[in-house]
Amino acid sequence: MKFHLAINMERIDDSLDMKDVARHTLEMVQMADRSGFEIVWAAEHHAMEMTIAPNPFQLLTWWGDHTDRIRLGTAVAVAPYWNPIRLAGEAAMTDLLTGGRLEFGIGSGAYQREFDRMHPGLKQSDAWRYMHEMMPAVKALWAGDYEHNGEFWQFPKSTSVPKPLQKDVPVWVAARAPITFDYAVEHGYNIMSWPLTRPMSEVDLYLERLAEAQANHPGKKRPQIAMMRHTALVERADQIDVPIAAARRQLSQFENLFKNLGDVNNGFAKQIPLEDLENRAEYDPKMLAENLMFGTPDQIIDRLKGYEERGVDSFIYYASLGLGHAEQKRSMELFCNEVIPAFA
């Protein structure tokens, strides 16, 4: 099994200085680089302090300038917010400036709140259509001159300037719905999935959807599949109350944004009572302890073996959950020193 890191510049409130947030994020990426993580992922989000990433390519270029070997991925560039020419050019520039380390992740977007601001009138449930039109256009622009007359974008003959350094930039799609698994297998794209806080049955569901997509496209190569989970390692099992409390605080803000409740002040989403939610069972502390990657190194190794046995190719260590910087770094040290060697 290979390991990836997903990390955001994040603030739960304004008590943290942005310079400290940026420095911490870079130090976590550098730890991953030294310890053999394969890829680090940067998100794209707008007008929210919980994920400070208006342009993932900017973050990746910065990280690339301060690392040696780790590959650099967008998780994800949100297709409806971009023009194909701009997206192709910015991705290619990042690949060039980082020595050919780009992993190109693309997706539909998550929060209706963002669509209301970045693409007014578009429903999140319809955004996958933009991704399906965007990706062939980007690849054609990377190849050379190309004219596009699609449903959402039209432009005369143009090309990506610069071109990517890599001959074939690896492409990843964020997938949970069957239609996206089918799309990925048909076109030869890798898959990243996030089971949220749900049990291993959700992981099994995504793997079933991958198998169904392969059956729909006989002869197509099986793509890589990576699974992401909130991760926090502790030295003693009785210490997991700290990351569980941090996760519940952050997830209460996530639910606010996800359900577009509107309680956002200066970029900070108000925490909503998880107990009032229809899906409140997804945030039960005992359930979080069982489903997320919270625990001692030995506990995490055992859980990861379950992913490996199921055929998951890579595990994405999601470090951003509102945990203190010191706790995040200690978790990362435990993972690097005790977990990764168990899968060497």
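Biologist: On what basis are the values given?

Modeller: This is a predicted model, in which local features need pLDDT of at least 70 and side-chain atom pairs count only at pLDDT 80 or more, whereas totals for chains, interfaces and linings use all residues. Residues are numbered from 1 along each chain as its sequence is written, and side-chain values use heavy atoms, with hydrogens and water left out.

Biologist: Which residues have the most contacts inside the largest nonpolar core?

Modeller: In soluble globular proteins, nonpolar side chains tend to be buried together. A nonpolar core is a set of buried Ala, Val, Leu, Ile, Met, Phe, Trp, Tyr and Cys residues joined through side-chain atoms within 4.5 Å; buried means under 20% relative accessible area, exposed over 50%, and partly exposed in between (1.4 Å probe, protein chains only). Here the largest core has 83 residues, and Phe-37, Trp-63, Phe-104, Leu-304 and Phe-335 have the most contacts inside it. Helix α5 (residues 128-143) supplies the largest share of this core, eight residues. Helices (H or I, at least four residues) and strands (E, at least two) are DSSP runs, numbered from the N terminus. A second, separate core of 37 residues includes Ile-39, Ala-246, Leu-257 and Ala-289.

Biologist: Which residues does Leu-304 touch?

Modeller: Contact means heavy atoms within 4.5 Å. Leaving aside residues up to four places away in sequence, Leu-304 touches Met-1, Phe-3, Met-293, Phe-315, Phe-335, Val-339 and Phe-343.

Biologist: How many cavities of 30 Å³ or more does a search of the whole structure find?

Modeller: Rolling a probe the size of a water molecule over the atoms shows where empty space is left. On a 1 Å grid over the protein atoms alone, a cavity is a set of points where a 1.4 Å probe fits but cannot get out, and a pocket is an open set with protein on both sides within 12 Å along at least five of seven lines; lining residues have an atom within 4 Å of a point. Grid points are joined across faces, edges and corners, and a volume is the space filled by probe spheres set on the points. The search finds four such cavities. The largest cavity has a volume of about 60 Å³, and its lining consists of Trp-194, Leu-196, Thr-197, His-230, Leu-251, Phe-254, Glu-282 and Tyr-283.

Biologist: What volume does the largest pocket have, and which element gives the most to its lining?

Modeller: The largest pocket has a volume of about 1,100 Å³. Of its 46 lining residues, Gly-109, Ala-110, Ala-174, Arg-176 and Trp-194 are the closest to its centre. Helix α8 gives the most to this lining, with five residues.

Biologist: Are the faces of β9 buried or exposed?

Modeller: Both faces are covered: Asn-190 and Met-192 on one side, and Ile-191 and Ser-193 on the other, are all buried. Two strands pair if DSSP finds at least two bridges between them. Strand β8 (residues 171-174) runs parallel to β9, joined by three bridges, and Val-173 stands opposite Ile-191.

Biologist: Where are the cis peptide bonds between Ala-75 and Val-76 and between Val-161 and Pro-162?

Modeller: The bond joining Ala-75 and Val-76 has an omega of about 0°, and Val-76 is in the loop between β3 (71-74) and β4 (77-78). For Val-161 and Pro-162 omega is about 5°, and Pro-162 lies in the loop between β7 (154-158) and β8.
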